[in-house]
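Trainee: I have a model open and would like to go through it with you. Can we start with the overall picture and then take single residues?

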Amino acid sequence: AERSAIPVVIGTVGVNLRASAPFASMHRAGLADAARQRWEDAYAKGAALAQQGNAPAALQRYEEAAAIDGEYADLAFRMAGCRWAMGEFDAARDLYEQARELDALRFRADRRINQIIRRVAARASHGRVRLADVEIALREQSPHGIPGREHFYEHVLFRFSGNYVAARAMFEEVRKVLPDH
C-alpha cells in the first residue's frame with residue numbers, strides 16, 4: 001500500500017475487561033505446597049465474602065492471597081470486581097488490565113499487541129497510515145473507562161454499541177485520507 005501511495009487505516013483492538021474473566025490462570029512457578037494451601041484458603045474465603053456482597057472483606061482476603069502469589073489472573077480479576085463494587089474505579093481498571101495481562105490463555109489482545117499497532121502507525125511514512133485507536137475510543141465510551149457488557153457480548157465480540165464506537169473511530173481516520181472530491 002505504501003509503495004502504491006494508498007492510504008491505510010489500522011486500528012487497535014478493544015477488549016471486554018470488566019465482564020470477561022481470564023480464560024486460564026496459573027500459579028507462579030515454584031509455589032510451595034504449604035504456600036499454595038494458604039493461597040487457596042485466602043482465595044476461597046475471599047470468594048465466599050464476595051458472593052455475600054462484602055467487597056471490602058473479600059478484597060482483604062484476596063490481598064492476602066496476592067501476597068503469596070500475585071500472578072494468578074483470576075485473582076486480579078476478582079480483586080478488580082471488589083474495587084469496582086467499592087467505587088475505586090482507577091484501581092479496578094488497573095486490576096482488570098492486570099488480569100488480562102496475566103491470562104494464560106490469550107484470546108484477548110493484550111497491552112503489547114496494541115503497543116505494536118501504535119508503533120507501526122507512528123513509524124509509517126508520508127502520513128498515509130492512520131491510526132484509529134479503537135481501544136481508547138471504547139474506554140472513553142465506557143463507565144469509568146472500563147469496557148464491559150455495554151459494548152461486548154463476550155470477550156471480544158461487539159454488541160451494536162461497540163461496533164458503532166469502533167466504526168466511528170475508523171471513520172474519523174478514513175475521512176482524513178479521502179480525496180477532497
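Trainee: How much of the chain counts as buried?

Mentor: Of its 181 residues, 37% count as buried. Buried means under 20% relative accessible area, exposed means over 50%, and partly exposed is in between, with a 1.4 Å probe and protein chains only. This is a predicted model, so local features need pLDDT of at least 70 and side-chain atom pairs count only at pLDDT 80 or more, while totals for chains, interfaces and linings use all residues. Residues are numbered from 1 along each chain as its sequence is written, and side-chain values use heavy atoms, with hydrogens and water left out.

Trainee: How many helices and strands are there?

Mentor: The chain has seven helices and two strands. Along the sequence the pattern reads β-α-α-α-α-α-β-α-α. Helices (H or I, at least four residues) and strands (E, at least two) are DSSP runs, numbered from the N terminus.

Trainee: What box do the C-alpha atoms fill?

Mentor: Roughly 70 × 35 × 20 Å, taken along the principal axes.

Trainee: And the contacts, what share joins residues at least 24 apart?

Mentor: That share is 66%, among contacts between residues at least 6 apart in sequence. Contact means heavy atoms within 4.5 Å.

Trainee: On to the inside. Which residues have the most contacts inside the largest nonpolar core?

Mentor: Trp 39, Tyr 43, Tyr 62, Leu 75, Met 79, Cys 82 and Tyr 96, in a core of 27 residues. Helices α1, α2 (55-68), α3 (73-85) and α4 each supply at least two residues of this core. Another core, of nine residues, lies apart from it and includes Ala 132, Val 134, Leu 138 and Phe 152. A nonpolar core is a set of buried Ala, Val, Leu, Ile, Met, Phe, Trp, Tyr and Cys residues joined through side-chain atoms within 4.5 Å.

Trainee: What is Cys 82 in contact with?

Mentor: Ala 55, Ala 58, Leu 59 and Tyr 62, leaving aside neighbours within four places in sequence.

Trainee: Next, Asp 74. Is Asp 74 buried or exposed?

Mentor: Asp 74 is buried, with a relative accessible area of 14%, and sits in helix α3. Its side chain makes a polar contact of 2.6 Å with the side chain of Arg 78. A polar contact is a pair of N or O atoms within 3.5 Å; within protein, one must be able to donate a hydrogen and the other to accept it, and residues adjacent in sequence count only if both atoms are side-chain atoms. Beyond four places in sequence, Asp 74 is in contact with Ala 21, Pro 22, Ser 25 and Tyr 43.

Trainee: What about Arg 18, where does that residue lie?

Mentor: In the loop between β1 (8-11) and α1. Arg 18 counts as buried because its relative accessibility is 18%. A polar atom of the Arg 18 side chain lies 2.4 Å from the backbone oxygen of Ile 146.

Trainee: Changing topic: which residues form the nonpolar patch on the surface?

Mentor: Phe 23, Leu 105 and Phe 107, with about 290 Å² of accessible area together. Accessible areas come from the Shrake-Rupley method with a 1.4 Å probe; for residues, only the protein chains shown count as cover. Patches are made of residues with over 30% relative accessible area and no salt bridge, joining like charges within 9 Å and nonpolar side chains (Val, Leu, Ile, Met, Phe, Trp, Tyr) within 5 Å. A salt bridge is a side-chain nitrogen of Lys or Arg within 4 Å of a carboxyl oxygen of Asp or Glu.

Trainee: Where is Leu 105 found?

Mentor: In the loop between α4 (89-102) and α5 (111-123). Leu 105 is partly exposed, with a relative accessible area of 38%.

Trainee: Last one. What is the phi of His 144?

Mentor: Positive, about 55°, although His 144 is not a glycine. Most residues other than glycine have a negative phi. His 144 is in the loop between α6 (134-140) and α7 (160-177) and is partly exposed at 42%. Not counting residues up to four places away, His 144 touches Trp 84, Phe 89 and Arg 93. Ala 5 likewise has a positive phi, of about 60°, and its place is in the segment before β1.
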